[in-house]
Amino acid sequence: MKISLRILLLLLISCNTLFAQTPETKAKKVKKHYIYFAWGYNKDWFSKSTIHFKSGSASDFPYDFSWIKVKAHDYPGFENIFKGNISIPQYAYRFGYMVNAKKGIGVEYAFDHAKYIVTQEQTFHVNGKINNDYYDEFTNYAKEEMHFEHTNGANFAMLNVFKEKIFYASKNQKFEMAYIVKAGGGVVIPKTDVTLFGERLDNRFHVAGYIFGVEGGVTLNFWRNIFLSPTFKAAYANYDNALTVDNGRAHHYFYAYEAILVAGYKFRF
């Protein structure tokens, strides 16, 4: 009898230990981390900006003037996607690392190829010196004589911290919906195409300033690894060293607003 009681007690202890360890064992099998890559496109809107132009110190044609509160627009170029040119439109890509999937916290490198073009057929205020003559007047914008655009990209390169929280999951967990919020900063890497006084310069890519922004939206997860993410972004971009003609520089800043859609894949580990 004593032996039977001991055996029964031993079995109860073993079962209790087994069930106590089962959740932990399963928890260990859950992959809490993943890296991901995503590619997509963006549509942009820009606030007015004052662009200040200044020639190089050794210029034979000195200038130091501003275009005040000029309008600008983007050029999405989505029609090129159907022609097979996926990198010509205003694209966006993301590399990310989910530090902890349970808490939804991660870091991300985000690159947005946005195109900034000063709008034709507008009148704006010009103030400053051109070849030692002072100007303070309104002028009509004529592309042949003066033009300014970051069309090979205003190019926002940012490092973000993000928080993601699932608010819906199907019973088989093959489809999930999550909120996502991001915040970060980085640099702008434009290739500026500028025309001043009839002289044109199509620049090289270079770091010309900095950017800060926030982004928010949703993530739609399919079969855990494939996802689609529509988001909206607001950013402050400051170009304090854009290159212009005759070794000159241009400075301006603006607020950018982006609607972004990317699709990607998660590599879990």
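How many helices and strands are there in the chain? There are one helix and 17 strands, where helices (H or I, at least four residues) and strands (E, at least two) are DSSP runs numbered from the N terminus. This is a predicted model, so local features need pLDDT of at least 70 and side-chain atom pairs count only at pLDDT 80 or more, while totals for chains, interfaces and linings use all residues. Residues are numbered from 1 along each chain as its sequence is written, and side-chain values use heavy atoms, with hydrogens and water left out.

**The chain overall**
- Of its 269 residues, 42% count as buried, meaning under 20% relative accessible area with a 1.4 Å probe, protein chains only.
- Take the contacts (heavy atoms within 4.5 Å) between residues at least 6 apart in sequence: 69% of them join residues at least 24 apart.

**Strands around S15**
- Strand S15 (residues 209–222) pairs with strand S12 (residues 175–188) in the antiparallel sense over 14 bridges; to pair, two strands need at least two DSSP bridges between them.
- In this pairing, alanine 183 sits opposite valine 214 of S15.
- S15 also pairs with strand S16 (residues 226–244), again antiparallel, over twelve bridges, and glycine 217 has threonine 231 in S16 as its bridge partner.
- S15 and S16 make a hairpin with three residues between them, and tryptophan 223 in the turn has a positive phi of about 55°.

**The cavity**
- Searching the whole structure turns up one cavity of 30 Å³ or more; on a 1 Å grid over the protein atoms alone, a cavity is a set of points where a 1.4 Å probe fits but cannot get out.
- The largest cavity has a volume of about 130 Å³, a volume being the space filled by probe spheres set on the points.
- Its lining has 18 residues, with Tyr36, Ile180, Thr219, Phe227 and Ser229 nearest the centre (lining residues have an atom within 4 Å of a point).
- Strands giving at least two residues each to this lining include S12, S15 and S16.

**The second largest pocket**
- This pocket holds about 220 Å³ of space; a pocket is an open set of points with protein on both sides within 12 Å along at least five of seven lines.
- Among the residues lining the pocket are Phe65, Trp67, Tyr135 and Glu145.
- S9 gives the most to that lining, with three residues.

Key: Buried < 20%, exposed > 50% of the residue type's maximum accessible area, 1.4 Å probe, protein only.
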